Amino acid sequence: MKRQTPFTLVLHLILIGTATVSLLPFLWLACASLKRSSDLFAYDFLPWGHLNRLSFENFVVLFRREAFARWLVNSLFVASLQTVLVLLLSSLGGFALCKYSFKGKRPLMLLMLLTLMLPSHVLLPSSYELMRQLGWLNTFAAIIVPGSVSVFGMFLFRQAMHGVSDELLNAGRIDGCSELRLWWDISLPIVRPMIGAFTLMSFIGCWNSFLWPQIVLQDEAQYTLPIGLANMMSLPEYQTEYGVLMSGTLLSILPVIILFFGLQKDFVAGLASGAVKG
């Protein structure tokens, strides 16, 4: 076993301390969701001398009185479908930008890069008017369709596709593979780490999206979790029921945590591959 140097030990201690401080808000959130209203601000974390006071009442109230389950299903549907679509379109776009030469390619790439410099908030009025004319207001299509195209994702996959050998693609063409099969059967397995990293980033971005869904969704039954939780906090009857709000917040981050641990290796490998010039 390799002996650790004093510098390594100190570095590990610093990292452990930083991780502990970073996790304290999540620990407080978990403890607050199990407290009764009278105990919420009486103890910093758990009432260790009175553990019998812990209760799942906040979760019962959350599901019994609120449309939380509906909001959760809405968020899962929107985030999952949008992530799949943006992953497919971004990988297709990145494959085309990397492996094909066509007239106007450089001006097109320059125009795409310029769109990244435009603040998204500037486009909100025109985007809303477009959704109104299409009749998509108060529908999930107004969130999923615009979010399915990511210029950042295309350039991310373009960089990753440099790791796919042109000789391998030519060999596939000789064997009779179509261009879509070259993308699906040959290129995507090679850039799997980038797929994991981009999937996690896209899902979290859509899951936490608040401003645009709040603009286009008016019906409470269509709300996603961020909108539903924000409305719970803004209504007068919930001003003192922070325990219910904390339980909803805790449940809302569980899907992201599960996805992160499922894609952790691919996420780290994808970030590392993006740091290496192809």
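Visitor: What is the relative accessible area of Gly 17?
Guide: This is a predicted model, in which local features need pLDDT of at least 70, side-chain atom pairs count only at pLDDT 80 or more, and totals for chains, interfaces and linings use all residues. Residues are numbered from 1 along each chain as its sequence is written, and side-chain values use heavy atoms, without hydrogens and water. Buried means under 20% relative accessible area, exposed means over 50%, and partly exposed is in between (1.4 Å probe, protein chains only). Gly 17 counts as partly exposed because its relative accessible area is 31%.

Visitor: Which helix holds Gly 17?
Guide: Helices are DSSP runs (H or I, at least four residues), numbered from the N terminus. The run from residue 6 to residue 33 contains Gly 17, and this run is helix H1.

Visitor: How far apart are the C-alpha atoms of Gly 17 and Leu 108?
Guide: Along the chain, Gly 17 and Leu 108 are 91 residues apart.

Visitor: At what angle do H2 and H13 pack?
Guide: Two packed helices are described by the angle between their axes and the distance between the axes. The axes are lines fitted to C-alpha atoms, for helices over the stretch in contact, and the angles run from 0 to 180 degrees between N-to-C directions. For H2 (residues 57-65) and H13 (residues 242-262), the axes are 8 Å apart and the angle is about 80°.

Visitor: How is H2 oriented relative to H13?
Guide: Under 35 degrees counts as roughly parallel, over 145 as roughly antiparallel, 65 to 115 as roughly perpendicular, and the rest as oblique. The angle of H2 to H13 is about 80°. Therefore H2, relative to H13, is roughly perpendicular.

Visitor: How is H3 oriented relative to H7?
Guide: The axes of H3 (residues 68-99) and H7 (residues 151-161) come within 7 Å and cross at roughly 50°. Therefore H3, relative to H7, is oblique.

Visitor: How many charged residues are in the contact of H3 with H7?
Guide: Contact means heavy atoms within 4.5 Å. Among the residues that meet are Phe 95 and Lys 99 in H3, and Phe 157 and Arg 158 in H7. By class, the contact has eight nonpolar residues, five polar ones and, for charged residues, two. Here Ala, Val, Leu, Ile, Met, Phe, Trp, Tyr, Cys and Pro count as nonpolar, the others, Gly among them, as polar, and the charged ones are Asp, Glu, Lys and Arg.

Visitor: How many of the 11 residues of H7 are buried?
Guide: The buried residues of H7 include Val 151, Phe 155 and Ala 160. What covers them includes H3, H4 (105-116), H9 and H10. H7 is largely enclosed by the rest of the structure, because its buried residues number eight.

Visitor: What is the relative accessible area of Ser 187?
Guide: Ser 187 lies in helix H9. Leaving aside neighbours within four places in sequence, Ser 187 is in contact with Phe 95, Met 161, Val 164, Leu 169 and Leu 182. Ser 187 is buried, because its relative accessible area is 0%.

Definitions and conventions:
Helices (H or I, at least four residues) and strands (E, at least two) are DSSP runs, numbered from the N terminus.
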